[in-house]
Amino acid sequence: MSENVPKIEEIPRDEEDIRRRTEEALRKGMYPYMKEEDIGVDLSGDIDYQEILDFWFSDRVKASIDNSTGLLSKEFDEEIKERFTHVYEAAVNGKLRMWERWPKRVCALAIVLCLFARHIYRDQPLAFSNDLPAVQIVKVAIQKGFD
């Protein structure tokens, strides 16, 4: 009987620990009948919203923004493609939908959908293909008081 009782250190301590353990269980396929939205966890995997924010709001990036276009110089295109294309693809495919629940993550999601897209697809129509969803996400975030 004592084999089934979790040890004290195995009991989740807080919401973040519960979220982490649930995500891990989902990734391992322990709940094959459940989807991310069913239990409200973020399955973005190794995607770190803070890395997006740190990059976009860095002094290096701020100093390189063209005030007439709001874009970074073309030199940043390759870096953004290499570092963040997988994030953009995850966002477009709905894998970052749970980010809409937290203010900083919403900001990161808007940056990915709008601004990173401009650099990944510079001079192509795809650069603007997710503007409307990004605007809608931000509007909802403002209504929630995230601003």
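The protein has seven helices and zero strands. The model is a predicted one. Following the sequence, the pattern reads α-α-α-α-α-α-α.

## Burial and surface

How much of the protein is buried? Of its 147 residues, 37% count as buried. The protein exposes about 9,700 Å².

Take the contacts with a separation of 6 or more: residues 24 or more positions apart account for 59% of them.

## How α6 meets α7

Two packed helices are described by the angle between their axes and the distance between the axes. Here the pair is helix α6, residues 103-120, and helix α7, residues 131-143. Their axes lie 9 Å apart, and the packing angle is about 160 degrees. Angles over 145 degrees count as roughly antiparallel, so α6 is roughly antiparallel to α7. The crossing of α6 past α7 is left-handed.

## Residues in the contact

Which residues make this contact? From α6 come V106, L109, A110, L113, C114 and R118. From α7 come D131, A134, I137, V138 and A141.

What kinds of residues are these? Nine are nonpolar and two are charged. No polar residues take part in the contact of α6 with α7. R118 of α6 and D131 of α7 are the charged ones.

Conventions: Residues are numbered from 1 along each chain as its sequence is written. This is a predicted model: local features need pLDDT of at least 70, side-chain atom pairs count only at pLDDT 80 or more; totals for chains, interfaces and linings use all residues. Side-chain values use heavy atoms; hydrogens and water are left out. Helices (H or I, at least four residues) and strands (E, at least two) are DSSP runs, numbered from the N terminus. Buried means under 20% relative accessible area, exposed over 50%, partly exposed in between (1.4 Å probe, protein chains only). Contact means heavy atoms within 4.5 Å. Accessible areas come from the Shrake-Rupley method with a 1.4 Å probe; for residues, only the protein chains shown count as cover. Axes are lines fitted to C-alpha atoms, for helices over the stretch in contact, and angles run from 0 to 180 degrees between N-to-C directions. Angles under 35 degrees count as roughly parallel, over 145 as roughly antiparallel, 65 to 115 as roughly perpendicular and the rest as oblique. A crossing is left-handed if the near helix is turned anticlockwise from the far one by less than a right angle, and right-handed if clockwise.
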